[in-house]
Amino acid sequence: MDLSELERDNTGRCRLSSPVPAACRKEPCALGVDEAGRGPVLGPMVYAICYCPLSHLADLEALKVADSKTLLESERERLFAKMEENRDFVGWALDVLSPNLISTSMLGRVKYNLNSLSHDTATGLIQYALDQGVNVTQVFVDTVGMPETYQARLQQSFPGIEVTVKAKADALYPVVSAASICAKVARDQAVKKWKFVEKLQDSDTDYGSGYPNDPKTKAWLKEHVEPVFGFPQFVRFSWRTAQTILEKEAEDVIWEDSTPEDQEGLRKITSYFLNEGSQARPRTSHRYFLERGLESATSL
């Protein structure tokens, strides 16, 4: 999988896709939606769609696609390679959402939670397939939140398409299994090849699974928190695990434009991200702190 576009800029979002098979423009198609990396505190979240003509669903199933969580990394890579070998009837597209994008969205002045971000990303990918000329007649989605509510929302957005949203859809429908494999392969490669904009290329990259409850991940976070500038953009600083480490390890902050009343007593750094009573500050992205800090450093 070619992630060179993501490697050039991993600070926002990146959409990647395969060519659309000619058969998918002519014949009615089923389309599956799934994601990888929703829970980790490290790395991007990847949403994927996979589609193929209804007449080729048996061929897709014959590839032995399965829920990516049940497969070893080598098996996922092998199955993705098989899908690429069958480009005459299989197509896919990805939306890679950076940790920085996720956290700044969740901590913005206007609340944009992870479920809403997930729903909108899935909707955008379905629309992208339609815009590319894919003749989508059926959509199958692995649910985020209540499946009934999610299905009704998607059905309203795509009234001419039969929409099915279910829990564990990646284990029930081969076209969703294929999407889950695309998403997981992309995320694994993105994490392995991550380019740190903070010039940390030579630092320890043994950060475990990236999930908040992984001791190795927690140890990496503690080692790579900068007392003033916070975490590298590889970290989802809106996650509670990251915020707890900031509270313990980061320096207290006083804003130069604060009133004397505001400066009575130092406040926790996370108070500038979180709504802690009526004194909560407007939130600013981690990249802002990093860039402002570097500007200040270069002016000394």
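Me: Buried means under 20% relative accessible area, exposed means over 50%, and partly exposed lies in between, with a 1.4 Å probe and protein chains only. Why is C14 called buried?

Reply: This is a predicted model, in which local features need pLDDT of at least 70 and side-chain atom pairs count only at pLDDT 80 or more, whereas totals for chains, interfaces and linings use all residues. Residues are numbered from 1 along each chain as its sequence is written, and side-chain values use heavy atoms, with hydrogens and water left out. C14 has a relative accessible area of 3%, which is under 20%, so C14 counts as buried. Over the chain, buried residues make up 49% of the 300 residues.

Me: How do you know that the sulfur of C182 is too far from the closest cysteine sulfur for a bond?

Reply: A disulfide is a pair of cysteine sulfur atoms within 2.5 Å. The closest cysteine sulfur to that of C182 belongs to C50 and lies 5.0 Å away, so the pair is too far apart for a bond. By this rule the count comes to 0 disulfides. C182 is itself buried, because its relative accessible area is 0%.

Me: What makes up the secondary structure of the chain, and in what order do the strands form an open sheet?

Reply: Helices (H or I, at least four residues) and strands (E, at least two) are DSSP runs, numbered from the N terminus, and the chain comes to 12 helices and 6 strands. Two strands pair if DSSP finds at least two bridges between them, and 6 strands form an open sheet of mixed pairing in the order β1-β4-β3-β2-β5-β6. β1 (13-17) and β6 stand at the edges, because each has a single partner strand, so that one side of each is left without a neighbour in the sheet. On average, neighbouring strands of this sheet are turned by 15° against each other, direction ignored.

Me: How do you know that strand β3 and strand β4 are joined?

Reply: Strand β3 (residues 45-53) and strand β4 (residues 91-97) run antiparallel and are joined by 7 bridges, and since a pair needs at least two bridges, the two strands count as paired. Y51 stands opposite G91 in β4.

Me: Which strands does helix α6 lie across, and which does helix α9 lie across?

Reply: Helix α6 (residues 114-131) lies across β1, β2 (29-36), β3, β4 and β5 (136-142), running at about 35° to β3. Helix α9 (residues 174-192) lies across β2, β3, β4 and β5, running at about 40° to β2. For these angles, axes are lines fitted to C-alpha atoms, for helices over the stretch in contact, and the values run from 0 to 180 degrees between N-to-C directions.

Me: What makes helix α5 largely enclosed by the rest of the structure?

Reply: Helix α5 (residues 99-106) has 6 buried residues among its 8, so it is largely enclosed by the rest of the structure. Those buried residues are P99, N100, L101, I102, S103 and S105.

Me: Why does T217 count as buried, and what does the side chain of T217 reach?

Reply: T217, in helix α10 (residues 215-223), counts as buried because its relative accessibility is 0%. Its side chain reaches the backbone oxygen of Y207 at 2.7 Å. A polar contact is a pair of N or O atoms within 3.5 Å; within protein, one must be able to donate a hydrogen and the other to accept it, and residues adjacent in sequence count only if both atoms are side-chain atoms. At 2.7 Å, the T217 pair falls within that 3.5 Å limit. Contact means heavy atoms within 4.5 Å, and, leaving aside neighbours within four places in sequence, T217 is in contact with residues including V41, L42 and Y211.

Me: Why is S177 called buried?

Reply: S177, found in helix α9, has a relative accessible area of 3%, and therefore S177 is buried. The side chain of S177 reaches the backbone oxygen of D170 at 2.4 Å. Not counting residues up to four places away in sequence, S177 touches V65, A66, D67, D170 and A171.

Me: Why is K64 counted as exposed, and what sets its phi apart?

Reply: K64 has a relative accessibility of 63%, so it counts as exposed. Most residues other than glycine have a negative phi. K64, in the loop between α3 (57-62) and α4 (73-85), has a positive phi of about 70° although it is not a glycine. K168 also has a positive value, near 60°, and is exposed because its relative accessible area is 59%.
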